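The explanation below goes through them in turn.

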Amino acid sequence: MASSINIKNGLLSTKNCVKINIQFSICIKRQTEINCMRAFTNSSVQHNEKYCIDIVRKRDYEGFVCSLLLPDASRRSALALRAFNVELAQIKDSVSQKTIGLMRMQFWKRAVEDVYRDDPPAQPVSAELWRAVRRHTLTKRWMLRIISEREKDMEDRAYRNLQELEAYGENTQSSLLYLLLETLGVKNVHADHAASHIGKAQGILTCLRATPYNSSRRKVYLPMDICMLHGASQEDFIRGSRDQNVRDVVYDIASQAHVHLQHARSFSKNVPHAAMPVLLQTVVLDEYLHRVRKVDFDVFHPSLQKRNPMLPIQLYLRSWKKTY
C-alpha cells in the first residue's frame, strides 16, 4: 500500500490510486439563531417559564387562573403575554422618578423589536415572548400599543373623562386580549369586537378597584368629569369618604363597565367556541360588579379587597357552558 495520503477537494487518495469519497455536511445558521440556541438551554428555558408563571400568579392571580383554562398549546404563550403585561403595569408604582420609568419603557420597546428580529435580550419574559411570537406569529402592533399607552400613563394624573379611561382600557387590556386570541388561532371580527368591549370594561374596573390603594398614596385617577358631576373632590377619596356623592361616582363608573360587558355579550352568537377561554375574563368582572352592588357602591368596603375563593370553580363552570 502507499506510504503517503493526499486529501484534495473531499477526495482521499493513496499512491495506489485507491480513492474514497468523503462527504462533508455543512450547516449554516444565522448568528441571531446561534445566540438564541446558546441562550435557551434546557435549564434556562425552564427558568424562563417558571419566572413567567410565578410573576403572573403573584401579580395577576385572576389572569393566572383564566390562563389555566386555555389549551395546552396556548397556555405557555398566554402566560408569557400576561407576564409581559405585568412587567409593564408595575413600572409606574416601582419607580421613584418618572425618568426611570420611561427608561424601562424604552427597554421594553427595544426588547419587542429585538424579539421580532429573532434576537431577544437575555431576560425571562423576553425569551418567552420570542418563543410565543415564533409559535403563533403574534402581531407586534398590539405589544407596542400596550407599551405606548403605559408610557403615557406615566404622566400620573387623573383621567379627564370616562372616554379617556375607556381608551386606556382599549389600548392595554383589549390589546392583550387580541394577542391571547391569536395564541388560540382565532381570527374573527366578532371575537375582536367582544374582546374590545371586555378590555374597556376591565380597564374601567381596574381603575375602580385600585382606588383604595391609590388613595392611601394620596393619588386619585378616577375620571374628573364624573367626580365634578357629583361634587366629589379628590380629597374625598384620599380620606376614604363613604358619602353618597362618592358612591354616586362609583355607581356611574361601574355602570359604564356593565354596559361594555352587555355589548360584548351581544356578539356571543357569532363568536367561535375556540375564543371562549380568552373571553372568560367577564367572570372576574361580573363578580366584582356583583360585590360592589352588594355593598351599595362603597368602593372602600373591606370585602372588596378580598380574593374570591370560588373564582376557579366559577370559571370552570362558565367554560363548561361555553359562554362568557
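Predicted model: local features only at pLDDT ≥ 70, side-chain atom pairs only at ≥ 80, totals over all residues.

Residues are numbered from 1 along each chain as its sequence is written, and side-chain values use heavy atoms, with hydrogens and water left out.

Helices here are DSSP runs (H or I, at least four residues), numbered from the N terminus. The axes of H4 (residues 72-89) and H9 (residues 162-183) come within 9 Å and cross at roughly 160°. H4 is therefore roughly antiparallel to H9, a term for angles over 145 degrees. Axes are lines fitted to C-alpha atoms over the stretch in contact, with angles from 0 to 180 degrees between N-to-C directions. Contact means heavy atoms within 4.5 Å. On the H4 side, the residues that meet H9 include Ser-74, Leu-81 and Arg-82; on the H9 side, Gln-173 and Leu-176 are among those that meet H4.

Next comes helix H8 (residues 140-152). Among its buried residues are Trp-142, Ile-146 and Arg-150, where buried means under 20% relative accessible area (1.4 Å probe, protein chains only). What covers the buried residues of H8 includes H4, H6 (98-115), H7 (124-136) and H9.

Ser-44 lies in helix H2 (residues 42-59). Ser-44 counts as buried because its relative accessibility is 17%. Ser-44 and Ala-127 are 83 residues apart in sequence, and their C-alpha atoms are 9.4 Å apart in space.

How values were computed:
Helix = DSSP H or I, 4+ residues; strand = E, 2+ residues; numbered from the N terminus. Parallel < 35°, antiparallel > 145°, perpendicular 65-115°, else oblique. Expected span 1.5 Å × (residues − 1). Buried < 20%, exposed > 50% of the residue type's maximum accessible area, 1.4 Å probe, protein only.
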